[in-house]
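Visitor: Please take one part of this model and look at it closely. Then set it beside other parts of the assembly.

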4 protein chains.
Amino acid sequence: MSGNSIGHLFKVTTFGESHGIGIGGVVDGCPAGLNIDQKFIQNQVDRRRPGQSILVTQRKESDKVEFLSGIFDGKSTGAPIAFIVHNKDQRPKDYDHLKSSYRPSHGDFTYTAKYGIRDHAGGGRYSARETVSRVIAGAIAQLLLNHENINISGFVSKIGDVQLLNDISTYDLNNTEQSIVRCPDPDLSRKMEELILSVKKEGDTVGGNVGCIVTGMPVGLGQPIFSKLDAELSKAMISIPAAKGIIFGTSTKNDLKGSEVNDEFFLDDGIVRTKTNHSGGIQAGISNGENICFEVLFKPVSTIMQNQKTVDSLGQEVELEGKGRHDPCVVPRAVPIVEAMAAIVIADMFLMNKSSKLTI
Amino acid sequence: MSGNSIGHLFKVTTFGESHGIGIGGVVDGCPAGLNIDQKFIQNQVDRRRPGQSILVTQRKESDKVEFLSGIFDGKSTGAPIAFIVHNKDQRPKDYDHLKSSYRPSHGDFTYTAKYGIRDHAGGGRYSARETVSRVIAGAIAQLLLNHENINISGFVSKIGDVQLLNDISTYDLNNTEQSIVRCPDPDLSRKMEELILSVKKEGDTVGGNVGCIVTGMPVGLGQPIFSKLDAELSKAMISIPAAKGIIFGTSTKNDLKGSEVNDEFFLDDGIVRTKTNHSGGIQAGISNGENICFEVLFKPVSTIMQNQKTVDSLGQEVELEGKGRHDPCVVPRAVPIVEAMAAIVIADMFLMNKSSKLTI
Amino acid sequence: MSGNSIGHLFKVTTFGESHGIGIGGVVDGCPAGLNIDQKFIQNQVDRRRPGQSILVTQRKESDKVEFLSGIFDGKSTGAPIAFIVHNKDQRPKDYDHLKSSYRPSHGDFTYTAKYGIRDHAGGGRYSARETVSRVIAGAIAQLLLNHENINISGFVSKIGDVQLLNDISTYDLNNTEQSIVRCPDPDLSRKMEELILSVKKEGDTVGGNVGCIVTGMPVGLGQPIFSKLDAELSKAMISIPAAKGIIFGTSTKNDLKGSEVNDEFFLDDGIVRTKTNHSGGIQAGISNGENICFEVLFKPVSTIMQNQKTVDSLGQEVELEGKGRHDPCVVPRAVPIVEAMAAIVIADMFLMNKSSKLTI
Amino acid sequence: MSGNSIGHLFKVTTFGESHGIGIGGVVDGCPAGLNIDQKFIQNQVDRRRPGQSILVTQRKESDKVEFLSGIFDGKSTGAPIAFIVHNKDQRPKDYDHLKSSYRPSHGDFTYTAKYGIRDHAGGGRYSARETVSRVIAGAIAQLLLNHENINISGFVSKIGDVQLLNDISTYDLNNTEQSIVRCPDPDLSRKMEELILSVKKEGDTVGGNVGCIVTGMPVGLGQPIFSKLDAELSKAMISIPAAKGIIFGTSTKNDLKGSEVNDEFFLDDGIVRTKTNHSGGIQAGISNGENICFEVLFKPVSTIMQNQKTVDSLGQEVELEGKGRHDPCVVPRAVPIVEAMAAIVIADMFLMNKSSKLTI
């Protein structure tokens, strides 16, 4: 356990730096015989790619996924699936002014203190560019889940003070990709877009929320008492850069009482279901078959185009100039990352659950 | 990895059921030579004990901690430290009416579906009584952290609609234990107490938040990129029964911009510090030396004293009678549990960090 | 990972010291619904118990297994199964003469150096008494394997210079328990017994080998490339006190060529089988359906009844007197321990294998 | 845990197939600040390279190591170190005759049965070519250990019936690399060479032993009771292709008694040392500061140039023709692999040991 792996049976290990050779990873534990649909995987990567719209950083990366192992005749073989995306538009020189300054609320200071070494080019390992690996590994997990009819949909539910007002389960998520902010409500989507552009003009950044709904869930996923489904999802989500919070379901909203948020059971054609879904599809850490629903809270990204006071590695107080290529709002690009991390966790819990009961 | 262990180097495994022989656990990886202050440990357990005030369940349990191994002459030996608390007031008969009914929003249905077996007595493994083990293991972790001058303080920041209005870092946490709701603001504490009693009278339950502040943090704890300090804390917190959300620091509050929530660095007597602490003491998943601050959101507990519609294991729709001994609000008793889980994670990350840099 | 756990899905954590309260453990990951046959488990424990014959230490321990959790109506519930055997005949005083002397080839010196603390009573954690936990956990694993028609038989194949001459697969292992040395050949058994008694008279000790055969193996167990079935078995076996070597199958014996030790495949009623079994049932780290065969080499136990020169913890060269209650030969009692460790590994690999292929 | 990772703090994950794009891996947990001497690493890889002498397979691979991440200014950064060796001389066509036949004692049958898929080109994942990754990761571990003055030396101690007669600790290991069989005894080396060439002429193969000595060991490495130093070394060694046995030290040799193999302690300039080293440097699973000594037993490789009877995947009994490029004896090339696996385990245990005692 040294931090760059996640999962137990569906296990993902990643590597790579923002301005090095590339970003890659290894998926170990993908069952053999899965059709590895490379077009689907590339499409997921394209959804997080820089330069995809006027709202995001203009770094030019084709982000072409290359597979290095584990696939034969288009199918997984049970061997580890390794992959890499080579960096194309790395410009380490762009970061020379950061060589010694610690950007406020970024990883420069903590990484330097922890490791005693500074890879100053674009943040090295702690650049959000590492999330390319998450999306690729997550897309493989999604292929496994789709095979089980489990589907994951992320979307933007809030940017700054503009937010979805209704229960997130009420929106038509097929609309999400028609909006460059990935908000399923077209009107709000426009307002969010305007907000991001205005913030960008100020050289500032803004945060927001990504919602996520998982449909087709089987009952029984999650490994109590420490690897509960929601516990593992929380770890996975909060490991995403700029994620600072997560909330499951609606049972903590509006200060409701137990009698108001309990999800009563009923029989739906012989299937045990709940009338409401305040629990967000998880009870006592185990999926109950209803849709999984949660929201992840992202802070405004810390790299802003304004001057800031800080300290450098020589122990001097300095002023840091705001320049470079960055996102005014990371939230729309975080959507496929949230989906990917959800897929990794659920695929892992799906495999873990095969050992819960004695087979007869 | 089968769910009942947490941690990598400071590793906790727990066992036991609500109405079985007892609740216990094993701490593996506690460094040798630590003074195991059993009085401190028992005191932490007493803080979560039922029957401690009029606000909580009146189940009578002395919750006396017995150590089974790993201690010699009052000190840890490096061998696993096992412990047990015997159940005294178990009343499995009290639960006969639940033998087949699935309590709404409780674990009855999901556990039965997952494991194909029902230990109906008091919820078996998924009763919140399992948290006794967490508190004991966490207290051992706290002893290790205290030795490093790291201190953890939990408190209630919200019950129903009554909440602390100021930044949680501004309260005198020495007041916490003088309030039976464990809220550091005496006035709000009284209001919370009234709210809980009124909810109890209605046979209902109410949720709330537990805040947590960790002082004396060294810089550098957290193992990117998946075992970030906040990621591991999130997993640990959301694994607590009834926890449905977690938020770190204040950078997602009030829809602020990047320029408003960035924590600028300055030099404090040669030490790099931040002027503000919107990050909650964690940047890029690694502690920056400022206080760790987060809040855990608890839903109202699902066991209410009102009748509810549900389904039983025979596949019939039934009405469930509300009776037994339960908490109208679990939040005050959750305070030592939050502290314990924080301690387990931070102790683990403290040990992990010993390998970050080459020793010269 | 702190050393006192083994296994991934079928995970065993143990605790306890030789002269403390007791020896115990936790099995996490046993599938729910398994009939926990306590009589079988106790019987396995009795097979390793001290005082069972004239060949072994006369320490008097009833070694009664108490289960603490995880069982309901005689079946596993999916919750962790904890257990303890209380020590009865602990005599820490007997070890006062060892308070500071490091017994040659024992763990006194290495443990003291590693942990900086000395639990001198009977070796504390590194006494072979810890193997009681292995046998109990292993017996639970055996119940799981028996349910799959997998059976494990250990036996003594060598004591000192007395050894089985034929291939170990040719003996009738039903004879094993009729011999107090647990050798399936009655004549050799008598010779081994005589050897042990003569060595005992000299206050000396003697080593030997335990053979192990696993029948009913499914094809496909083992997780390449590091958790190969033979790799995991090796770890498990060499973790047993006094085990210093392991050899699988017969392909390294008698300096044979590839053409002589290759196991040719043939069809046996449509089933792919091998004509010979030099591989010991494992090829490329995965079971091939033939019997698993291996031998574990045990050194003579280090505690002898003769005086020895050594050093004490005060840094003085001293002479150590040979006294106390000890085994002249640990090999017969190691048989159920070898079986137990084999069962733990194979149960784990059996559960792991459920995720190898896509389920259709 | 899905088989392709080893280690806990110094963690190695590998990927790649014999006739795919390449063989690679990721080292996670290497402390930051280590000088990554690429020349040393390449040299270790060259020592296992095919075509290096007349004794080994003539497959032509330059085996040039490319690093993908984790290194900055020549030093480790604390981020994962990924690497790849591209395959150059892959000839999947050479293996078309194997498309459906299961080679005796090879992994063809067990892999196909386990994963339900056949990557027939050169054995895919289970080709010994995967050991390239082990050597690279192991070389990084060796750099870490060398920094601590720990040195690892492997050598051939036996080929067929030609073996070193004296205690392996008595040879001058500086001679090892002057022999193409890597035996430190020049006379025996010549005999081994002749034996291999004669076996090659017959189209047959021969096995043997690799000895390994680790000098400069600190006291205290190893994590009882399941991750003992010798237990972890055993797992690592037996995971090497064709390894079928391991023996530590000399305490199981020649049927000696306890009084003959116990290692008495004495004081050597105030340092506690042992007069003899029958234990092979490990007592109770923990290093005692003496040299680690063990031997790994390799079977004759299963691919022979003779016709063999077998079964194919269509369920027919067939005759398999012996052809292709293969090693008559893998043992000399196994030397750097044994060293590598030893280094990975010891580096891991070295980092684990940092948490054994309370720091004052």
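Guide: S356(D) sits in the segment that follows helix α7 (331-352) of chain D; helices (H or I, at least four residues) and strands (E, at least two) are DSSP runs, numbered from the N terminus. The model is predicted, so local features need pLDDT of at least 70 and side-chain atom pairs count only at pLDDT 80 or more, while totals for chains, interfaces and linings use all residues. Residues are numbered from 1 along each chain as its sequence is written, chains are lettered from A and ligands numbered from 1 in the order in which they are written, and side-chain values use heavy atoms, with hydrogens and water left out.

S356(D) has a relative accessible area of 6% and is therefore buried (under 20% relative accessible area; exposed is over 50% and partly exposed in between, with a 1.4 Å probe and protein chains only). Its side chain makes a polar contact of 2.8 Å with the side chain of N353(D), and another of 3.2 Å joins the side chains of S356(D) and K114(C). A polar contact is a pair of N or O atoms within 3.5 Å; within protein, one must be able to donate a hydrogen and the other to accept it, and residues adjacent in sequence count only if both atoms are side-chain atoms. Leaving aside neighbours within four places in sequence, S356(D) is in contact (heavy atoms within 4.5 Å) with P31(B), A32(B), K114(C), Y115(C) and Q223(D).

In chain C, N151(C) belongs to strand β8 (residues 151-159). N151(C) is partly exposed, with a relative accessible area of 38%. Not counting residues up to four places away in sequence, N151(C) touches N146(C), I213(C), V214(C) and T215(C). From N151(C) to Y126(C) is 25 residues in sequence and 29 Å in space, C-alpha to C-alpha. Helix α5 (residues 229-238) of chain C is largely enclosed by the rest of the structure, because 10 of its 10 residues are buried. Among them are D230(C), E232(C) and K235(C).

Next, the interface of chains A and B. Here 99 residues of chain B are in contact with 99 residues of chain A. The two chains bury about 8,100 Å² between them, 61% of it on carbon and sulfur atoms; buried area is the accessible area (1.4 Å probe) that two parts lose on being put together, summed over both. On the chain B side, K114(B), F226(B) and K244(B) lose the most area to chain A, together 11% of what that side buries. The rule finds 4 salt bridges across this interface, a salt bridge being a side-chain nitrogen of Lys or Arg within 4 Å of a carboxyl oxygen of Asp or Glu. The side chains of K235(A) and E232(B) form a salt bridge at 3.1 Å, N to O.

Strand β11 (residues 243-248) of chain A and strand β11 (residues 243-248) of chain B run antiparallel and are joined by 3 bridges; two strands pair if DSSP finds at least two bridges between them. I247(A) has G245(B) as its bridge partner in β11(B).

Within chain A, 5 strands form an open sheet in the order β1-β2-β3-β7-β4, with antiparallel pairing. Its edge strands are β1 (5-6) and β4 (65-67), each pairing on one side only. Between β4(A) and strand β7 (residues 81-86) of chain A there are 3 bridges, and F67(A) has F83(A) as its partner in β7(A).
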